[in-house]
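Hi,

Here is the model I said I would pass on.

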Amino acid sequence: MKIYLDTANLGEIREAARWGILSGVTTNPSLMAQEEGADFEDTIRTICELVNGPISAETVSEDADGMVREGVEFAGWHSNVIIKVPSTTEGLEAVSRLGRRGIRCNVTLIFNTNQALLAALAGAFVVSPFIGRVDDMSYDGMELIREIAEVFDQDPDIRTQILAASIRHPRHVTESALAGAHIATCPFNVLRKCMQHPLTDRGMASFLADWRKREAAMALATAGS
Ligand code: G3P
């Protein structure tokens, strides 16, 4: 399973890009709104220079014509840009029209398997089930990923990838991989937590302490000889 970063924060993207694990980035209007004063086009262009993979830029139109207009514009900014459209009937039309122009789409705000299937049939490059928000409604977000994966696997013509979104904690990352997601898009804090373990910290501390003891003993031996 590939990892994308779910943010529009350039500092976070620069740092995670240095770790060498990123295959793409997803943004959305709410994430952009957190970056006060940042220009959308500049942000997307900069992200495309930092990460060589699909970078999702989301449309804000509610009708297919508007989504296609925005999608064509965003796709012109950089070849890494993919267009995020909502999981609505207008969104489906936009996906198929953009697809005919060779523009890849991420169908977002997916909450059931039928939405994912129809998005795939319209030619979506990726579909984004929002697992955390499904969990918030007392349903099982992972079950949604598993069901979509099973349905996609039954049709050899479907090449749409499953992108697990609305990831809230490290367990969501592991479970997404096990459930059949091709990609998980993670907030920066979740990605950092994925690498945290108290036994790693304790192990490092004892390795370093032992190393220092060894050096001190060697220095003493050298001084005494
Ligand atoms: O990738 C979608 C994500 O940004 C939404 O996450 O935590 O607001 O449900 P959340």
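Before the notes, one convention: contact means heavy atoms within 4.5 Å. Elements are DSSP runs numbered from the N terminus, with helices being H or I of at least four residues and strands E of at least two. This is a predicted model, so local features need pLDDT of at least 70 and side-chain atom pairs count only at pLDDT 80 or more, while totals for chains, interfaces and linings use all residues. Residues are numbered from 1 along each chain as its sequence is written, and side-chain values use heavy atoms, leaving out hydrogens and water.

The overall layout comes first. Eight strands form a closed barrel in the order S1-S2-S3-S4-S5-S6-S7-S8, with parallel pairing (two strands pair if DSSP finds at least two bridges between them). From one strand to the next the twist averages 25 degrees. S1 (residues 2-6) pairs with S8 (residues 183-186) in the parallel sense over four bridges, and Lys2 sits opposite Ile183 of S8.

Now S4 (residues 81-86). S3 (residues 55-58) pairs with S4, again parallel and over four bridges, and Ala57 has Ile83 as its bridge partner in S4. Six of the six residues in S4 are buried, so the strand is largely enclosed by the rest of the structure. Buried here is under 20% relative accessible area, exposed is over 50% and partly exposed is in between, with a 1.4 Å probe and protein chains only. Val81, Ile83 and Val85 point one way from S4, while Ile82, Lys84 and Pro86 point the other way.

What does Thr59 touch, leaving aside its neighbours within four places in sequence? Its contacts are Met67, Glu70, Gly71, Phe74, Ile83, Lys84, Val85 and Pro86. Thr59 lies in the loop between S3 and H4 and counts as buried at 4% relative accessibility.

On to the helices. H4 (residues 64-75) packs on H5 (residues 89-100) at about 40 degrees, with the axes 8 Å apart. Axes are lines fitted to C-alpha atoms, for helices over the stretch in contact, and angles run from 0 to 180 degrees between N-to-C directions. H4 and H5 are therefore oblique to each other; under 35 degrees counts as roughly parallel, over 145 as roughly antiparallel, 65 to 115 as roughly perpendicular and the rest as oblique. From H4, Ala64, Asp65, Met67, Val68, Gly71 and Val72 meet Glu90, Gly91, Glu93, Ala94, Arg97 and Leu98 of H5. That contact divides into six nonpolar, two polar and four charged residues (Ala, Val, Leu, Ile, Met, Phe, Trp, Tyr, Cys and Pro are nonpolar, Asp, Glu, Lys and Arg charged, and the others, Gly among them, polar).

H1 (residues 10-18) and H3 (residues 40-50) cross at roughly 10 degrees, their axes coming within 10 Å, which makes H1 roughly parallel to H3. Leu10, Ile13, Arg14 and Ala17 of H1 meet Thr43, Thr46, Ile47 and Leu50 of H3. H1 also lies across S1 and S2 (22-26), at about 165 degrees to S2.

Last, Thr160, in the loop between H8 (141-154) and S7 (161-164). Is Thr160 buried or exposed? Thr160 is buried, with a relative accessible area of 6%. Beyond its neighbours within four places in sequence, Thr160 contacts Ala120, Ala124, Phe125, Val126, Val127, Phe152 and His182.

Cheers
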